[in-house]
Amino acid sequence: MKLELCQKSRKSHVLETIISIFFILGSLVSTLAGASTEYQAINCRKHSAVLTDFGGVGDGKTSNTKAFKAAIAELSQYASDGGAQLIVPPGRWLTGSFNLSSHFTLFLHKDAVLLASQDEAEWPAFPPLPSYGVGRDEHAGRFSSLIFGTHLTDVVVTGNNGTIDGQGAVWWDKFHQKKLKLTRPYLIEFLYSDQVQISNLTLINSPSWNVHPTYCSNVLIQWLTILAPVDSPNTDGINPDSSSNVRIEDSFVVSGDDCIAVKSGWDEYGIKFGRPTQHLVIRRFTCISPDSATIALGSEMSGGIQDVRAEDITALGTQSGVRIKTAVGRGAYVKDIFVRRMTLKTMKYAFWMTGSYGSHPDTGYDPKALPEIKRISYKDIVAENVTYSARLEGIENDPFTGICISNVNISLTQKPMELQWNCTDIQGVSSKVTPQPCSALPEKSIECPFPEDRLPIDDVKLQTCSASG
């Protein structure tokens, strides 16, 4: 498989080498985990079928949209009888958007590649999400996602490292040339769904965001490799949006935007919809994104973000670690954010908070809707080759409070910024931090908190497929 992101000559050879190594390692881990399981012997659900049973043709040229829809329609009748699985066998399967059903598993063989159609006629048009009010690219609405579902229970998208190729270049060109009529499609998106699992897949070249669980609960995302050119527009990796009890683990993202972006609606629409993202766990996650964040909180956070626990995070050649993005008009809150054991290498910023992220859906936002940013905890962080230790910018008359940073060692690049800690409208404390923080974070003999209790999502087991003989 060609790694298209390594074709960008303007990026450094070092970064390309790092990406190649992680891609190979990630592929080996996922392949070894499932290499002994052939698609004829998969046992995930009581009922099973193969895409070729419904006329699927894996030649990379024939559209399989009708085959996917026919297969899912047939298998959905078994939802109340042990559920069903659709197996995508080896081949290159061109398809437009299709919807999954409840108590259903979509399984991609390790040699299966889903190719997203570049024909807009194969992508149904939808109205904007209610918590956003308008489309992200174009206000009129949006295209359906490649793999989509709404109001589902117990839905699984998995494989033994099969590939979903969004063939996004044509969409990126339309975006840059302002030729889009609707917002670009995502690769995997579920709305208003419960018990969602996405695992053991490689996602490449998404038209826009890759994985977008929205208004969902009890979501498990594990063992994903997500790759896009580092200059591709808005190719966020994983974006939990107005969702609760979410766990993201053991994944690797190379992106043209944030590797993880935690969201909950945009300005007056998100405030009215009022559904937060909360109880989110992120573990053992690696990011490369030279122009964006490892984990972004916002900027669309108008339903609120609370109780995020991120640990054992690695970022390489990335703009920032955990970034809080908000603005006047967002309202709501970002609070009870806990981060520990981060390793950051070759970064522009170690810490970044922005209170003036000024994009708005329209002119109807309330300038009196101020966000509440409080109880933000970072501990046990090592950062190397950093240009700028911290840029922490709250909002005038609405300071970000309760910031705690402890046990942090930042070593600087050969040409660092002269002012290492730029702090305005923030309040907090620090302990054992190098270089010395700004006066708004006075030294105290403390250790910043990290919750030790388990969340309900921690007890959810990953559904895997086993050989029947």
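# Close-up views of a predicted model

**View 1. The lining of the largest pocket is made up of 5 nonpolar, 7 polar and 11 charged residues.** The model shown here and in the other views is a predicted one. The volume of this largest pocket is about 350 Å³, and 23 residues line the pocket, with Arg 136, Asn 234, Asp 257, Glu 300 and Tyr 357 lying nearest its centre. Among the elements of the chain, strand β23 gives the most to this lining, contributing 3 residues.

View 2. Although Arg 323 is buried, the nearest side chain of opposite charge, that of Asp 258, is 6.0 Å away, and because a salt bridge requires a side-chain nitrogen within 4 Å of a carboxyl oxygen, Arg 323 has none. Setting aside neighbours within four places in sequence, Arg 323 is in contact with Ala 293, Ile 295, Ala 296, Leu 297, Trp 352, Thr 354 and Tyr 357; Tyr 357 is also one of the residues that lie nearest the centre of the largest pocket.

**View 3. Lys 263 and Glu 300 are joined by a salt bridge, with a distance of 2.4 Å from N to O.** This pair links distant parts of the chain, 37 residues apart: Lys 263 is in the loop between β19 (260-262) and α4 (267-273), while Glu 300 is in the loop between β21 and β22 (305-316). Both Lys 263 and Glu 300 are buried, and Glu 300 is again among the residues nearest the centre of the largest pocket.

**View 4. Ser 292 sits in the loop between β20 (277-288) and β21 (293-297).** Ser 292 counts as buried because its relative accessibility is 8%. Not counting residues up to four places away in sequence, Ser 292 touches Gly 256, Asp 257, Asp 258, Thr 318, Gln 319 and Ser 320.

**View 5. The largest cavity has a volume of about 70 Å³.** The count of cavities of 30 Å³ or more comes to 2. Lining the largest cavity are Leu 129, Tyr 132, Val 134, Gly 135, Arg 136, Arg 142, Thr 183, Tyr 186, Trp 209 and His 212, which divide by class into 5 nonpolar, 3 polar and 2 charged residues.

**View 6. Salt bridges number 27 in the structure.** A network of these salt bridges links Arg 247, Glu 249, Asp 250, Arg 283, Arg 284, Glu 311, Asp 312, Arg 340, Arg 341, Glu 452 and Asp 458. Elsewhere, Asp 459 forms a salt bridge with Arg 454, with the closest N and O atoms 2.8 Å apart, and Arg 454 is exposed, its relative accessible area being 54%. The side chains of Glu 372 and Lys 374 also meet in a salt bridge, at 3.1 Å from N to O, and here Glu 372 is partly exposed, with a relative accessible area of 34%.

**View 7. Ser 411 belongs to strand β26, which covers residues 400-412.** With a relative accessible area of 33%, Ser 411 is partly exposed. Ser 411 touches Ala 383, Glu 384, Asn 385 and Val 386 when residues up to four places away in sequence are not counted, and its C-alpha atom is separated by 8.0 Å from that of Thr 434, which is 23 residues apart from Ser 411 along the chain.

Methods
Residues are numbered from 1 along each chain as its sequence is written. This is a predicted model: local features need pLDDT of at least 70, side-chain atom pairs count only at pLDDT 80 or more; totals for chains, interfaces and linings use all residues. Side-chain values use heavy atoms; hydrogens and water are left out. Buried means under 20% relative accessible area, exposed over 50%, partly exposed in between (1.4 Å probe, protein chains only). Lys and Arg count as positive and Asp and Glu as negative; His and the chain ends are not counted. Contact means heavy atoms within 4.5 Å. On a 1 Å grid over the protein atoms alone, a cavity is a set of points where a 1.4 Å probe fits but cannot get out, and a pocket is an open set with protein on both sides within 12 Å along at least five of seven lines; lining residues have an atom within 4 Å of a point. Grid points are joined across faces, edges and corners, and a volume is the space filled by probe spheres set on the points. Helices (H or I, at least four residues) and strands (E, at least two) are DSSP runs, numbered from the N terminus. Ala, Val, Leu, Ile, Met, Phe, Trp, Tyr, Cys and Pro count as nonpolar, Asp, Glu, Lys and Arg as charged, and the others, Gly among them, as polar.
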